[in-house]
Amino acid sequence: MSAATDKARFFLEQSVPELREYERKKIFTKDEITSIIKKRSDFEHKLNARGAAPIDFVRYFEYELNLDMLRKKRVKRMGIRAVGHNGQRRIYFILDRATRKFHGDLNLWIQYIEYARKQKANKKLSIIFTDALRFHPTSAELWVYAAKYALDDHADMSQARGYMQRGLRFCKNSRKLWIQYAKLELIYIAKLVARQRILGLDEERPVQVEVPDDDMGGDMIALPAITAEDINPTRNDGEVDQQALSNLNSTPALTGAIPLTIFDAAMKQFQYDDRFGAEFYDMVLEFSETPCFLKIEEHVVNTMRTHSPTSPRAQICYIKLPTAGVDVTSATFPRAFGTSLARLRESALTQDLAREVVAWLRPLADVETLDAALKKVIEATLRSAERALAK
């Protein structure tokens, strides 16, 4: 117990200069500083004693986080320009000790990452992600988190792909990771489309987007090559080269070649499981504004029908395909829905297929602004499917 007490005392002594400065600059009163010392002493004795739990570190972290927020507010209100001691260092120290002692606790790593992310500590974040993934290589959620961070915070698609590719080496059987990898690529395509729309209005910086030449060998998915010129066409005399814009539409970045490659590799990994195909189809529905949307959905449906022609999931995706990406209140929906109904009539309405049809039509029937005639047709089709389901 004396060793734990000595450790606690050592860590407390490190904060003495900090507290003295707070008192000298009247950021905290003497009574408040006494309270801070007591709180820190209690936490340090808990953390350094036998039987310390992750929750003890979390509570210490939350206390120091609130204390640092209070300090910042007072410094701003009092107009104090410089404070020699930074509360962030203590918080990082607590989280670092927590993850070293309980490196198997993924929640602690996530808290560490989220705090560093809020502080925009990019160099530190890189180290934290490396350590976290080293201890948790089979956590698909962590690989997805790291990839999204690379794309959202740094617009670095090469690094994001690197995380996803390495993640698949350890989590090949994770459906979520395959789906999220393709989703990340579709998000990137959506960003490229938005960028293309404003290309020529604002000056843009070149972006490095080549697929990384990693050392994973045969474990890596072979993706189509994308060059910086594909994404950031050069300009001539301040005007956008129309040929370059035309070329952009035909590159793998916008034709959906990468999501399609991921889908094919995933379907092979899962032995052409129709459940995965349906999940992939539903995910792609979120990106109806991308130019490759229908191409991907058609490929998904064709693959499912080739390998599982009698599967209710393959059948419902085939039936829904004409209406994919079409707003139910638009003028083009009735014609598309008519094609879907024709496909439905061609199929044997089994109980499993009827269940899928009900799940599809019920939300459509509840749309308040739906055309009255179309609503009538949908409700009639829904009743037929419910009768088949009740048999």
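Start with helix H19: helix H17 (312-320), helix H18 (333-346) and helix H20 (372-390) are among the elements that cover its buried residues. Keep in mind that this is a predicted model. The protein chain has 391 residues, 46% of which count as buried, and its secondary structure comes to 20 helices and two strands.

- The buried residues of H19 are Leu-353, Ala-354, Val-357, Val-358, Trp-360, Leu-361, Leu-364 and Ala-365.
- Move on to the loop between H19 and H20 and you'll find Leu-370.
- Leu-370 has a relative accessible area of 8%, so it counts as buried, the cut-off being under 20%.
- Setting aside neighbours within four places in sequence, Leu-370 is in contact with Val-328, Leu-364, Lys-375 and Ile-378; Leu-364 is also one of the buried residues of H19.
- Leu-370 also pairs up with a residue from well back in the chain: Ser-330 is 40 residues away in sequence, with 9.3 Å between the two C-alpha atoms.

**Helix H4**

- H4 has 25 residues, and the distance from its first C-alpha to its last is 36 Å, close to the 36 Å expected at 1.5 Å a residue.
- Quite a list of H4 residues is buried: Asp-56, Phe-57, Val-58, Tyr-60, Phe-61, Tyr-63, Glu-64, Leu-67, Asp-68, Arg-71, Arg-74 and Val-75.
- Cover for those buried residues includes H2, helix H3 (30-48), H5 and helix H6 (106-118).
- Just past the end of H4, look at the backbone of Gly-79, where phi is positive at about 75°.

**Cavities**

- If you sort the lining by class, you get six charged residues, three nonpolar and one polar.
- Helix H2 (16-24), helix H4 (54-78) and helix H5 (87-101) each put at least two residues into the lining.
- H4 gives the largest share of the lining, with four residues.

**Pro-291, a loop residue**

- Pro-291 is in the loop between helix H15 (274-284) and helix H16 (293-307).
- Its relative accessibility is 54%, so Pro-291 counts as exposed, for which the cut-off is over 50%.
- Pro-291 still has partners from elsewhere in the sequence: leaving out residues up to four places away, it touches Ile-189, Val-193 and Leu-254.
- Take Leu-254: Pro-291 is 37 residues from it in sequence but 6.9 Å from it in space, C-alpha to C-alpha.

**Whole-chain numbers**

- Among contacts in the protein chain with a separation of 6 or more, 66% are between residues 24 or more positions apart.
- The accessible surface of the chain comes to about 21,100 Å², and carbon and sulfur atoms account for 50% of it.

Key. Residues numbered from 1 in each chain as written. Predicted model: local features only at pLDDT ≥ 70, side-chain atom pairs only at ≥ 80, totals over all residues. Heavy atoms only, no water. Buried < 20%, exposed > 50% of the residue type's maximum accessible area, 1.4 Å probe, protein only. Contact = heavy atoms within 4.5 Å. Nonpolar A, V, L, I, M, F, W, Y, C, P; charged D, E, K, R; others polar. Expected span 1.5 Å × (residues − 1). Areas by Shrake-Rupley, 256 points an atom, 1.4 Å probe, with all protein chains shown as cover.
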